[in-house]
Amino acid sequence: MSTRKLAFLIILTALCLALQIVPRPPNVEFTSFFSFIMGLTEGAVVGALFGSFVMLTNGFLSPYGFGGLNIPFQIAGMIIAGVLGGVYRRFTRDLSFSASFSLETAVLGAIIALIYDLITNLGYGLQLILAGEGAALALFTAMAYGSFFSLMHIVSNTVIFGVLFLPITNALNSLKVGESLWSKKERLYS
Amino acid sequence: MVEKRTFVFVILATIVWASLASAFAGYYYLQNMNNSEQLNSAQSSLNKVASNYSQAADKYDLLLSEYALLDGNYSYFMGSNYAILMPPLRSLIANFAKNYTSLLTQEDMNKSYQQLLSDHATLLQKGNITRGDFGSLLSEYYNLFNLSAIRELGLSISKSTTLSVNVVIDYGNGTAEWHNETIVTSGYTLFRLTQEIAVIESSYFAYLEPGHIRIDSINGKTTTANYTNPSYSWGYSWIWYYWNDNDKRWVSGPVGCDAWLLKDGGIYKWNYEYWHFP
């Protein structure tokens with residue numbers, strides 16, 4: 001990985017962490033969006049690493065307190081978001097604004113939120129099992145009581161992906177296109 | 001013809017919708033179960049009140065009939081010595097004592113009852129009992145009888161709407177503080193009870209559900225958390241448990257202490273314990 005790409009990755013990670021740590025309504029987050037974008041622009045592995053690092057840090061610094069046993073599940077959820085970005089990269093047409101494209105990214109945002117919530121609810125269910133609850137009831141309770149939070153997450157992710165996806169990816173593409181020019185300029189000073 | 005890509009996204013959207021709908025159905029099912037359980041409990045409490053009331057009313061009516069008979073005899077008594085009415089009054093007092101045994105353990109009631117017995121014995125020794133003497137003794141009995149009936153009714157209602165629970169606070173250093181047979185009203189949560197039996201500090205977390213409260217300190221013993229090393233954290237926290245009578249073991253509280261309704265005869269524990277992650 002080039003220094004330039006690494007610096008870019010670090011800046012995005014810092015931005016994402018700042019957004020993650022700032023107090024906000026529960027389950028309204030930008031990490032899955034950025035993990036997906038990283039997967040899309042830099043590949044599935046980078047997307048997965050990005051998501052996992054942000055969630056690992058978030059687990060300790062979140063305004064909602066220590067993530068505890070749920071941290072591995074949160075990391076797994078964001079890894080999937082990054083990987084899905086990498087997978088989607090293969091099937092993406094030209095990035096140009098259209099209602100259908102926004103709708104498509106909105107649906108992707110919703111499905112990523114759903115997968116993430118299923119995984120983290122599973123984590124909560126396992127905690128209930130460890131506490132002595134029966135397995136079926138524990139998982140059912142975790143899924144059921146998480147439904148309101150899932151709704152908030154899915155709705156917010158749908159909006160974030162639907163509205164922000166295109167402008168952000170276009171901005172990142174512009175940045176990449178200009179990269180060769182900046183590199184040439186830099187060589188003059190070296 | 002529908003494009004394959006569109007088809008895939010429609011399926012994904014349907015999966016999201018179906019999963020959310022199922023989760024909400026599950027949520028309402030759980031809530032419904034909880035509500036039914038609480039309604040049943042309230043109904044059973046009401047039935048208990050009704051049954052207690054019915055028993056108390058039967059007892060009251062029976063003793064009142066006996067009293068009315070004696071009062072009739074007293075009112076229409078033609079003689080001058082009322083000593084002949086003393087044995088029926090003694091029998092009435094004995095019946096009263098038999099029916100309100102539990103109340104007579106209360107200090108004030110017991111004193112009034114002993115006074116009645118003493119007055120009865122004193123009057124009996126007099127030999128010639130006037131209308132006034134007997135009337136005042138009969139009134140003394142009637143007052144005690146009415147007071148007992150009212151008090152028993154109040155007790156029977158409060159017994160049906162209060163719970164008796166046991167709580168232990170384990171400080172993790174070998175000291176365990178028991179609060180046995182603590183009386184609370186129905187609908188009390190473990191959090192409210194803990195507030196009453198100890199000095200606590202707590203934090204409110206809006207995103208936690210069910211239950212939003214985390215206990216930070218009980219009687220000065222404060223929770224600690226150490227996150228200085230990002231790969232390893234540890235601390236001490238107050239964790240609550242309930243006693244599962246079927247399995248004969250402590251079960252860690254599955255929800256926040258402010259969401260857990262106490263049950264009659266329940267046993268609960270606050271444990272100050274060490275944790276670490278991973």
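This is a predicted model: local features need pLDDT of at least 70, side-chain atom pairs count only at pLDDT 80 or more; totals for chains, interfaces and linings use all residues.
Which residues in H1(B) meet which residues in H2(B)? The points below take this up, along with the rest of chain B.

1. For chain B the mean pLDDT is 86, and 96% of the residues reach 70 or more.

2. Make-up of chain B. The chain contains 5 helices and 9 strands. Their order along the sequence is α-α-α-α-β-β-α-β-β-β-β-β-β-β. Of the 278 residues in chain B, 15% are buried.

3. The H1(B)–H2(B) contact. From H1(B) come Lys59(B), Leu63(B), Glu66(B), Tyr67(B) and Leu70(B), and these meet Pro88(B), Leu89(B), Leu92(B), Asn95(B), Phe96(B) and Asn99(B) of H2(B). Sorted by class, this contact has 7 nonpolar, 2 polar and 2 charged residues. Lys59(B) and Glu66(B), both on the H1(B) side, are the charged ones.

4. Geometry of the pair. Two packed helices are described by the angle between their axes and by the distance between those axes. For H1(B) and H2(B) the angle is about 170° and the axes are 10 Å apart. Angles over 145 degrees count as roughly antiparallel, and H1(B) and H2(B) are therefore roughly antiparallel to each other.

5. Arg90(B). This residue sits in helix H2 of chain B, which spans residues 86-99. Between Arg90(B) and His120(B) the C-alpha to C-alpha distance is 7.7 Å, although the two are 30 residues apart in sequence.

6. The side of chain B that touches chain A. How many residues of chain B are in contact with chain A? There are 25, and they are in contact with 24 residues of chain A. On chain B, the elements giving two or more residues to this side are helix H1 (4-75), strand E6 (224-229) and strand E8 (249-252). H1(B) gives the most, with 12 residues. The residues of this side of chain B divide into 20 nonpolar, 4 polar and 1 charged.

Terms used: Residues are numbered from 1 along each chain as its sequence is written. Chains are lettered from A and ligands numbered from 1 in the order in which they are written. Two residues are in contact if their C-beta atoms, placed from the backbone, lie within 7 Å. Helices (H or I, at least four residues) and strands (E, at least two) are DSSP runs, numbered from the N terminus. A residue is buried if 20 or more other C-beta atoms lie within 10 Å of its own, exposed if 12 or fewer, and partly exposed in between; C-beta atoms are placed from the backbone. Axes are lines fitted to C-alpha atoms, for helices over the stretch in contact, and angles run from 0 to 180 degrees between N-to-C directions. Angles under 35 degrees count as roughly parallel, over 145 as roughly antiparallel, 65 to 115 as roughly perpendicular and the rest as oblique. pLDDT is the predictor's confidence in each residue, from 0 to 100.
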